[in-house]
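Take a look at the fold below. The paragraphs that follow walk through its helix packing and then its backbone exceptions.

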Amino acid sequence: MKQIIDQHRRKFFGVAAGTVAVGLGVIDLARAETEAAKSSASNTSFGPIKQIDAGVLNVGYAEAGPSNGPVAILLHGWPYDIHAFVDVAPILAKAGYRVIIPYLRGYGSTQFLSGETPRNGEPAAIATDIIALMDKLDIKQAVVAGFDWGARTADIIAALWPERCRALVSVSGYLISSQAAGNAPLPPSAELQWWYQFYFATERGRAGYEKYTHDFAKLIWKLASPQWKFDDATFARSAAALDNKDHVAITIHNYRWRLGLAQGEVKYEPLEKKLAATPVISVPTITMEGDANGAPHPDASAYAKKFSGRYDYRLITGGIGHNLPQEAPQAFAKAVIDADGGA
């Protein structure tokens with residue numbers, strides 16, 4: 001399998017395996033790759049969205065690639081959706097991967113099976129959703145990759161269920177935290193970046209997000225990726241997923257939970273207790289950052305020691321912001337393949 005993947009790496013990226021700089025450095029060909037991605041990013045949709053009951057959800061997900069290939073699960077963030085990977089999926093499919101891209105709870109066609117289930121946005125709940133989806137699809141192991149909420153979810157899966165994770169790709173690195181950590185004050189300049197979290201802590205903020213969901217999301221996109229010149233059609237494709245009837249409730253609960261202003265569910269307490277200890281991740285990992293990420297994110301040096309296995313950090317240059325897979329799809333797809341290369 002590794003030989004096949006290496007052949008695809010050479011075919012689709014034009015470089016031999018192992019020529020990318022390792023460690024706290026910059027990908028040598030990052031600028032060329034991101035420019036190529038910008039010129040070739042022409043996909044606007046997936047095939048038909050599939051639905052499956054898994055855990056407490058009926059999950060909507062896109063799928064690409066051969067059904068018998070190694071699995072890559074791609075996880076989106078807030079306030080984005082599966083279209084963040086619309087140009088990543090074809091690259092990985094051509095490289096032989098079975099690509100699964102689910103709508104997280106509160107997005108797109110993913111729905112709760114019961115009206116009685118709490119609309120809970122705590123991190124352990126979202127990660128458990130993905131494990132339930134893997135179980136339902138009979139996926140024993142997968143490369144798990146994501147950004148924003150998706151990166152945190154991928155980190156949690158790699159930390160708590162390493163046997164299910166072939167490799168990890170995480171934009172902005174190690175994002176596992178806890179309510180206790182969320183209550184620690186930050187310097188004023190850092191607190192300013194989290195303005196929306198404090199806004200959501202108020203009833204006015206909840207009502208404002210419900211009334212202006214699309215306007216709010218577009219503002220976040222612009223602030224988080226100040227050099228990304230996305231057009232109205234690109235935004236509209238993803239914004240449609242925010243019309244999910246549970247989206248506002250999930251979003252508000254997530255950010256209030258982080259500040260200790262909302263309770264989680266008892267069944268997730270054992271998992272949250274493990275996460276509060278910030279466990280080390282042992283699976284092969286590549287963390288990534290865009291050089292123009294305008295969203296709050298830790299410095300790479302702050303989390304490098306949280307990865308004890310084969311590890312690489314990549315800074316993607318060329319004005320790449322927070323939505324790295326959509327802004328630099330070739331670089332993201334390459335990271336997925338490279339992270340899995342030695343697994």
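Which residues in H4 meet which residues in H5? Pro123, Ile126, Ala127, Ile130 and Ile131 in H4 meet Trp149, Arg152, Thr153, Ile156 and Ile157 in H5. Contact here means heavy atoms within 4.5 Å. By class, this contact of H4 with H5 has eight nonpolar, one polar and one charged residues. Ala, Val, Leu, Ile, Met, Phe, Trp, Tyr, Cys and Pro count as nonpolar, Asp, Glu, Lys and Arg as charged, and the others, Gly among them, as polar.

The model is predicted: local features need pLDDT of at least 70, side-chain atom pairs count only at pLDDT 80 or more, and totals for chains, interfaces and linings use all residues. Residues are numbered from 1 along each chain as its sequence is written, and side-chain values use heavy atoms, with hydrogens and water left out.

Start with the whole chain. It holds 15 helices and ten strands. These are DSSP runs numbered from the N terminus (helices: H or I, at least four residues; strands: E, at least two). Of the 343 residues, 58% count as buried. Buried means under 20% relative accessible area, exposed over 50%, and partly exposed in between (1.4 Å probe, protein chains only). Among contacts between residues at least 6 apart in sequence, 80% join residues at least 24 apart.

Now the helix pairs. Two packed helices are described by the angle between their axes and the distance between the axes. H4 covers residues 123-136 and H5 covers residues 149-160; they pack at about 70°, with axes 9 Å apart. That makes H4 roughly perpendicular to H5. Axes are lines fitted to C-alpha atoms, for helices over the stretch in contact, and angles run from 0 to 180 degrees between N-to-C directions. Roughly perpendicular covers 65 to 115 degrees.

H4 has another partner, H13. Their axes come within 9 Å and cross at roughly 110°. H4 and H13 are therefore roughly perpendicular to each other. Here Pro123, Ala124 and Thr128 in H4 meet Leu271, Glu272 and Leu275 in H13. The residues of this contact divide into four nonpolar, one polar and one charged.

Is H5 mostly covered or mostly open? H5 is mostly covered, with twelve of its twelve residues buried. The cover includes strands S4 (71-75), S7 (142-146) and S8 (165-171), along with H4, H12 (247-258) and H13 (269-276). H12 is mostly covered as well: eleven of its twelve residues are buried. Among them are His247, Tyr255 and Trp257.

Back in H4, aspartate 135 counts as partly exposed, at 47% relative accessibility. The C-alpha atoms of aspartate 135 and alanine 54 are separated by 7.9 Å, although the residues are 81 apart along the chain.

Finally, the backbone. Most residues other than glycine have a negative phi, and most peptide bonds are trans. The bond from tryptophan 78 to proline 79 is cis, with omega near -10°. Proline 79 is in the loop between S4 and helix H3 (88-94). Aspartate 148, in the loop between S7 and H5, has a positive phi of about 55°. Aspartate 148 counts as buried at 14% relative accessibility. Threonine 278 has a phi near 45° and sits in the loop between H13 and strand S9 (285-290). At 30% relative accessibility, threonine 278 counts as partly exposed.

Technical notes: Angles under 35 degrees count as roughly parallel, over 145 as roughly antiparallel, 65 to 115 as roughly perpendicular and the rest as oblique.
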